[in-house]
Amino acid sequence: MEIDQVETFIAVATFGGFHRAAEALRISQPAVSARIKALEESLGVKLFSRSRGGLIVSDSGRTFRPHAELLLRTAAVARQAVHESHPANAAPLQIAAALSISVYFLPDVLKRFQQTNPNVIISIRPGHSKEVLDMVLGEEAEIGLARSLQHPEVETISLRDDPLLLVAHPKRGSKYSRRAKLEQVASWPLIFYERGSSDWTLTHSLFRTAGLVPNVALEVDSIETAKRMVERGLGVSFLPQIAVGREIHTHRLFTVKLLDAEPLRRSLDVIHPRHRPLRTEVRAFLQTVREAANENSAAGNPLRSKRKRSTK
């Protein structure tokens, strides 16, 4: 049994197929098949079976999976121990972060971190969630901060829920009610941002699934621009809680509860490579991030911190 075989098993089980696992691991599909075959031969069992719905994990595979995950974690700890016994020269802490997190979350985290680590140089690289993931996987960044990121090659720490909230400006004579059906909301002037982003796609899917065409009043470049437009009474928008918590708390904006649609759930996540050793500075930064996430947000909402592994 080899580590790369176990990693491949976890990837296939996570993605539900050899093709998607091959893309995630950046190897060929025949290589995935060969690794799984070798692992099954070493264990003497079939780890996957096929059904009408596609590839599924067998009973033996389900039994093996928690042990496989433990093996990978143990290997990561071993790599970490060897890495720490031969420390490299100090290098900038490379962080990849989504723009919204850089604006609304990172400043307080960095202030806290630099109070205890004044000599650590920090480099922040911006990008959408997928770009953040690619930078971490490509070793261009040591950790990534984005929203709702899952991948079998990274460890994901979910810092807090960060749903998309429908917000409006409470100006006098406002036509926006605090409780509304989606059909009613579709007729309001809506402000969308970052065309093609996960937030843009998720919001449009909400209306498309309900068979509705939203009244798009504005499309803007960023979350902050969309928020400014809402504050000026130009329309309503689905914005991340992290971006509007302070405004809601101070009653400069209010939320509209959808009566016939599920909330648009998102999470604020920090990721790091599952199998690549972390420097002391990186682990210190992760600890600072956890501490910041465990404190109350500006809106007075407690932030839940929990550790989870990629399952998507």
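**View 1. Cavities of the predicted model.** Two cavities of 30 Å³ or more are present in the structure. A cavity is a set of points, on a 1 Å grid over the protein atoms alone, where a 1.4 Å probe fits but cannot get out. Grid points are joined across faces, edges and corners, and a volume is the space filled by probe spheres set on the points. The model is predicted: local features need pLDDT of at least 70, side-chain atom pairs count only at pLDDT 80 or more, and totals for chains, interfaces and linings use all residues. Residues are numbered from 1 along each chain as its sequence is written, and side-chain values use heavy atoms, with hydrogens and water left out.

**View 2. The second largest cavity.** This cavity holds about 40 Å³ of space. Its lining residues (those with an atom within 4 Å of a point) are Ile191, Phe192, Tyr193, Asp199, Trp200, Thr203, Ser237 and Phe238. At least two of the lining residues come from each of strand 9 (190–193), helix 9 and strand 11 (237–240). Helices (H or I, at least four residues) and strands (E, at least two) are DSSP runs, numbered from the N terminus.

**View 3. Strand 11 and its partner.** Ser237 and Leu239 on one side of strand 11, and Phe238 and Pro240 on the other, are all buried, that is, under 20% relative accessible area with a 1.4 Å probe, protein chains only. Strand 11 runs antiparallel to strand 7 (residues 164–168), joined by four bridges; two strands pair if DSSP finds at least two bridges between them. Leu239 is the bridge partner of Leu165.

**View 4. Strand 5 between two neighbours.** Because five of the five residues of strand 5 (residues 143–147) are buried, this strand is largely enclosed by the rest of the structure. Ile143, Leu145 and Arg147 cover one side, with Gly144 and Ala146 on the other. Strand 5 pairs with strand 3 (residues 93–97) in the parallel sense over three bridges, and with strand 14 in the antiparallel sense over four. Leu145 stands opposite Ala97 and also opposite Val270 in strand 14.

**View 5. The largest pocket.** A pocket is an open set of points with protein on both sides within 12 Å along at least five of seven lines. The largest one contains about 860 Å³ of space. Of its 33 lining residues, Ser129, Lys130, Leu133, Ser148 and Leu149 lie nearest the centre. Helix 7 gives the most to this lining, with five residues.

Terms used. Buried < 20%, exposed > 50% of the residue type's maximum accessible area, 1.4 Å probe, protein only.
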